[in-house]
Amino acid sequence: MNTTQLEGLIGMLFVLGILVLLVLPSVFGIVRDRRVDRQLREAEQGPSVDQKSSSRSTVPSTATWYAEGRRSKKLVSS
């Protein structure tokens, strides 16, 4: 491989790299739109038979626990 061929290869790879950088955001957008469309279709149909509500109790998040603790302290100190 001589210098001219190497320069051509580097130039071609550079152009392909730029093309990928330009096309990638639109591909991500298309994938996101399809996911949102699928979620909207599923929401319109209602819950499916396979999805059962969980019988286990939910544990509050740390932020909820902290906020409730702060509220109870304010009530006690008032």
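Accessible areas come from the Shrake-Rupley method with a 1.4 Å probe, and for residues only the protein chains shown count as cover. By that method the protein chain exposes about 7,900 Å². Carbon and sulfur atoms supply 62% of that area.

This is a predicted model, where local features need pLDDT of at least 70, side-chain atom pairs count only at pLDDT 80 or more, and totals for chains, interfaces and linings use all residues. Residues are numbered from 1 along each chain as its sequence is written, and side-chain values use heavy atoms, with hydrogens and water left out.

The protein chain holds two helices and zero strands (DSSP runs, numbered from the N terminus: H or I of at least four residues for helices, E of at least two for strands). Buried residues account for 0% of its 78 residues (buried is under 20% relative accessible area, exposed over 50%, partly exposed in between; 1.4 Å probe, protein chains only).

Two residues compare as follows.

Methionine 1 is in contact (heavy atoms within 4.5 Å) with Leu6 and Leu9, leaving aside its neighbours within four places in sequence.
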